[in-house]
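Trainee: Could we go through this model together? I would like to check what stands behind each label we use.
Mentor: Gladly, let us open it up.
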There are 2 protein chains.
Amino acid sequence: MSPVRFRTDTAVSPVGDGRYAANIVDGWDINGNANGGYLLAIAARAIAAESGRPDPYTITAHYLAPGKPGPITVDVDIVRSGRLMVTSTARMRDSEGKVLMQLLAGCGDLATSAGPEQITIAPPDVPPPDECASTTNDLVPMPFRARIEVRLHPDDAGFVRGEPSGQAVIRGWFRLRDSESLDTIAVLQAVDAFPPAVFNTSLPVSWVPTLELTTHVRARAEGEWLRCRLSTNVVAGGFLEEESEVWDEQGRFIAQSRQLALVPRPK
Amino acid sequence: MSPVRFRTDTAVSPVGDGRYAANIVDGWDINGNANGGYLLAIAARAIAAESGRPDPYTITAHYLAPGKPGPITVDVDIVRSGRLMVTSTARMRDSEGKVLMQLLAGCGDLATSAGPEQITIAPPDVPPPDECASTTNDLVPMPFRARIEVRLHPDDAGFVRGEPSGQAVIRGWFRLRDSESLDTIAVLQAVDAFPPAVFNTSLPVSWVPTLELTTHVRARAEGEWLRCRLSTNVVAGGFLEEESEVWDEQGRFIAQSRQLALVPRPK
């Protein structure tokens, strides 16, 4: 039997009128709050289902309140159903009606993609997963680290020993546990699974809650591992941006994201 | 009297229940369709007004139908009103009710910004505006070019003579006509005012309609000119992404954006 935990734990059930029921499953949290990529994946499943299109070409999420284990709903409102893309808004609420996340997305079918290709960025130079110590997965807080696997480039993992590289860059590999296969919605999990790139600087930043995250998924991944590069270029005014690029094992460009995150003042 | 054309032509009037009336003013179009940055600025004025906060920290727009001169409405729905940021959705419709644009935004007050600063990207190296031929503004189609002014780096302007630089990069200056002062909403105009960076490649791309555009505004600009860098890294599958970075005359980082645009197949 092939592993399906991520698929099961992000599943949604239609209950009519564009509403989907789902569960924030225990174990996908960091210090009690569900991981942002995990919440995004649940919302994206509802959006893709209501859109009748499997792939989130572009999805923007605003994170408004922490997600706790338990039942949630996702209400999807189709704004425009085009040939190429179905545009929708969505809202995730907990069982008491509190809004956890507001989204705006465009879904389509990447199997129909065609056009000229010119990619002028390269996959990050990362040693193969087996040569990146599997212990670097310990940099992801529990219990989330038991659900996904990340392996960092050895040069980018020093921050945990108090030896940041000095560059706000983290390169590494991501996969779901038990080599569960990756659909384009699992890619949304990947872009928010790594430690923040800013941890590789000497800035006094201990956590960076995401305010807004936009991801463009450009192709379907082959293989079990995703090769990722996270970086932050602009820390200023109490915010930072974090970029991600995602490539598959074959070096195919899969996705990119940018988030705006809060830089809480040191206590 | 200081110039106010952009401010006037993007003005909105509240008509109750979160609805704002506005006009797509003739002259802000390219070949009959209103420029995307101009439409975004109108929507952002409505969002900022309803939010009671002047600055779009993060704003995502999906472009769903072309805008033609005439009356429009923008309906703003506040999702969460936080201390730091007011999150809202908005929908722009024409007088027949057709949805032109769907938005998701977070507004705040950049005057209250504070925190550590570390910026690891540099303003693009562009000669002063007076040394960038003002004729490069002619690369912007009429009548839009009479409303804004762009001056390109001479090295990035060859594509108009059929001599693309080979790199999907365009560097240059932007200002509103008559040196009208720049608020953070005018910055939204700037990120969608330049010719597409992909024109500097040999790819057979003649127009690139924007599907989705997300902009983060990080600071208020001083001076009349913005120094901009547009680039495209990934053309694939019938889409491209375009990035922008915006800096002010003093070299302060002001904003960045990323858009997903369509690459129409050559006819």
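Trainee: Which residue of chain B forms a salt bridge with Arg258(A)?
Mentor: The partner is Glu243(B), and the closest N and O atoms of the pair are 2.9 Å apart. Before we go on: this is a predicted model, where local features need pLDDT of at least 70 and side-chain atom pairs count only at pLDDT 80 or more, while totals for chains, interfaces and linings use all residues. Residues are numbered from 1 along each chain as its sequence is written, chains are lettered from A and ligands numbered from 1 in the order in which they are written, and side-chain values use heavy atoms, with hydrogens and water left out.

Trainee: Why is the pair Arg19(A) and Asp75(A) called a salt bridge?
Mentor: The term asks for a side-chain nitrogen of Lys or Arg within 4 Å of a carboxyl oxygen of Asp or Glu. Arg19(A) and Asp75(A) have their closest N and O atoms 2.9 Å apart, so the pair meets that definition. Arg19(A) lies in strand 2 (residues 19–24) and Asp75(A) in strand 6 (residues 70–81), so the bridge ties together parts of chain A that are 56 residues apart in sequence. Strands here are DSSP runs of E with at least two residues, helices are runs of H or I with at least four, and both are numbered from the N terminus.

Trainee: What makes Asp75(A) count as buried?
Mentor: Buried means under 20% relative accessible area, exposed means over 50%, and partly exposed is in between (1.4 Å probe, protein chains only). Asp75(A) has 19% relative accessibility and therefore counts as buried. Arg19(A), with 35%, is partly exposed.

Trainee: Which residue forms a salt bridge with Arg45(A)?
Mentor: Asp183(A), with closest N and O atoms 3.0 Å apart. Arg45(A) sits in helix 2 (residues 36–51) and Asp183(A) in the loop between strand 11 (169–176) and helix 3 (184–190), so parts of chain A that are 138 residues apart in sequence are tied together. Both Arg45(A) and Asp183(A) are buried. In chain B, Arg45(B) and Asp183(B) also meet in a salt bridge, at 3.0 Å from N to O.

Trainee: How do you know that Met101(A) is buried?
Mentor: Its relative accessibility is 0%, so Met101(A) falls in the buried class. Met101(A) belongs to strand 8 (residues 99–108) of chain A. Its C-alpha atom is separated by 5.6 Å from that of His62(A), 39 residues away along the chain. Taking contact as heavy atoms within 4.5 Å, Met101(A) touches residues including Leu39(A), Ala61(A), His62(A) and Met92(A).

Trainee: What makes a set of residues a nonpolar core?
Mentor: They must be buried Ala, Val, Leu, Ile, Met, Phe, Trp, Tyr or Cys residues joined through side-chain atoms within 4.5 Å. The largest such core has 68 residues, and those with the most contacts inside it include Met92(A), Phe174(A) and Leu226(A). Helix 2 of chain A gives the most to this core, with 10 residues.

Methods. Lists of a residue's contacts leave out its neighbours within four places in sequence.
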